[in-house]
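Student: Can you walk me through this one? I have the viewer open.

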Amino acid sequence: MKFIFLDADGILVDAVKGFCKVHNKTNPYNDPDNLGKHNLDEIWRMSKQDFWKPCDQNFWETLEPMSDSGLIYEAVSGFAYNNGYTMAVLTKSGLGQGCLQGKKNWFDRHFPKLSKNFWVGFGSKAVCASPNNILIDDYDKNIAEFNTCGGTGILVPRPWNADKEHNFEKFIERLTVYK
Ligand SMILES: [Mg+2]
């Protein structure tokens with residue numbers, strides 16, 4: 001069996017918008033100095049505890065989808081179908097109560113087909129790496145670890161990673177290489 005793992009936050013889920021709202025901050029990626037920086041707690045100089053404190057179940061289940069989430073879902077599910085991959089969500093849990101249930105409820109509402117193959121963990125996504133498996137993620141670190149452990153990582157261009165831009169077309173070009 002071969003898997004294509006799809007990350008949630010920053011790819012399908014507009015977590016940045018939610019974090020800005022809950023912490024009453026403006027989008028930090030409007031400032032060119034913050035492009036390529038993934039961790040909002042570090043950008044905002046907050047402790048991890050303070051950063052995650054307001055992120056309860058309601059926070060996770062009411063986040064908005066990313067503007068291109070439908071396009072990404074269609075592209076990846078088409079790729080999976082045509083190339084014999086099983087598609088699964090692989091997402092890291094935030095700290096705080098209710099994250100797991102909140103995320104599950106979000107998928108039930110927005111992408112119910114993905115809810116059936118949905119994995120939430122606290123550790124490295126590289127535990128799922130193998131020569132047959134692909135990870136689609138927006139965090140450079142996750143992609144690097146997955147590649148190091150023998151899988152294939154495909155980075156989705158976002159303002160907070162090495163691409164420093166929101167670029168759906170570039171992601172499709174990267175996915176197409178594996179067809
Ligand atoms: Mg992510």
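Student: What is the bridge partner of Val89 in β3?

Tutor: Phe118 is the partner of Val89. One thing to keep in mind is that this is a predicted model.

Student: How does the chain get from β2 to β3?

Tutor: The path goes through helix α6, residues 99–110. That β-α-β crossover is right-handed.

Student: How many bridges join β2 to β3, and do they run parallel or antiparallel?

Tutor: Four bridges, and the two strands run parallel. β3 covers residues 118–121. Another pair to find is Thr91, which stands opposite Val120 in β3.

Student: Which strand pairs with β2 besides that, over four bridges in the parallel sense?

Tutor: β1, residues 3–6, pairs with β2, residues 86–92. Look for Ile4, which stands opposite Met87 in β2.

Student: New topic. Which residues touch the most other members of the largest nonpolar core?

Tutor: Ile4, Phe5, Leu6, Ile11 and Ile136. The core has 35 residues.

Student: Which element gives the most to it?

Tutor: β1, with four residues. Among the elements that give two or more are also α1, α5, β2 and α7.

Student: Helices now. Which residues of α1 are buried?

Tutor: Ala15, Val16 and Phe19 are buried in α1, which spans residues 15–22.

Student: Where do they sit around the axis of α1?

Tutor: They fall within an arc of 100 degrees, so they line one face of the helix.

Student: Why do residues a few places apart end up pointing the same way?

Tutor: An α-helix has 3.6 residues a turn, so residues three or four places apart point the same way.

Student: What covers the buried residues of α1?

Tutor: The cover includes α2, residues 40–43.

Student: And α7? Which residues are buried there?

Tutor: Asn142, Ile143 and Phe146 are buried in α7. They cover an arc of only 100 degrees around the axis, which puts them on the same side of α7. What covers them includes β4 and β5.

Student: What follows α7?

Tutor: Gly150 does, and its phi is positive, near 100 degrees. After α1 comes Asn24, also with a positive phi, near 55 degrees.

Student: Arg45, then. What is its phi?

Tutor: Phi of Arg45 is near 50 degrees, a positive value in a residue other than glycine. Arg45 is found in the loop between α2 and α3.

Student: Is Arg45 buried or exposed?

Tutor: Arg45 counts as exposed, because it has 7 C-beta neighbours inside 10 Å.

Student: What about Lys164?

Tutor: Lys164 has a positive phi too, near 55 degrees. Lys164 is found in the loop between β5 and α8. With 16 other C-beta atoms within 10 Å, Lys164 is partly exposed.

Student: Where is Thr176?

Tutor: Thr176 lies in helix α8, residues 168–176. Thr176 counts as exposed, with 10 C-beta neighbours inside 10 Å.

Student: How many Å separate the C-alpha atoms of Thr176 and Phe59?

Tutor: They are separated by 34 Å. Along the chain, the two are 117 residues apart.

Student: Zoom out. How many helices and strands are there?

Tutor: Eight helices and five strands. Read along the sequence, the pattern is β-α-α-α-α-α-β-α-β-β-α-β-α.

Student: How does the radius of gyration fit with a compact globule?

Tutor: A compact globule of 179 residues would have a radius of gyration near 16 Å. The protein has 16 Å, which agrees. The C-alpha trace spans about 45 × 35 × 30 Å along its principal axes.

Student: Last one. What share of the residues is buried?

Tutor: Buried residues make up 31% of the 179.

How values were computed: Residues are numbered from 1 along each chain as its sequence is written. This is a predicted model: local features need pLDDT of at least 70, side-chain atom pairs count only at pLDDT 80 or more; totals for chains, interfaces and linings use all residues. Two strands pair if DSSP finds at least two bridges between them. A crossover is right-handed if, with the strands pointing away from the viewer, the path from the first strand over the helix to the second runs clockwise. A residue is buried if 20 or more other C-beta atoms lie within 10 Å of its own, exposed if 12 or fewer, and partly exposed in between; C-beta atoms are placed from the backbone. The arc is that of the directions from the helix axis to the C-beta atoms. Two residues are in contact if their C-beta atoms, placed from the backbone, lie within 7 Å. A nonpolar core is a set of buried Ala, Val, Leu, Ile, Met, Phe, Trp, Tyr and Cys residues joined through C-beta atoms within 7 Å. The radius of gyration is taken over C-alpha atoms; the globule rule is 2.2 Å times the number of residues to the power 0.38.
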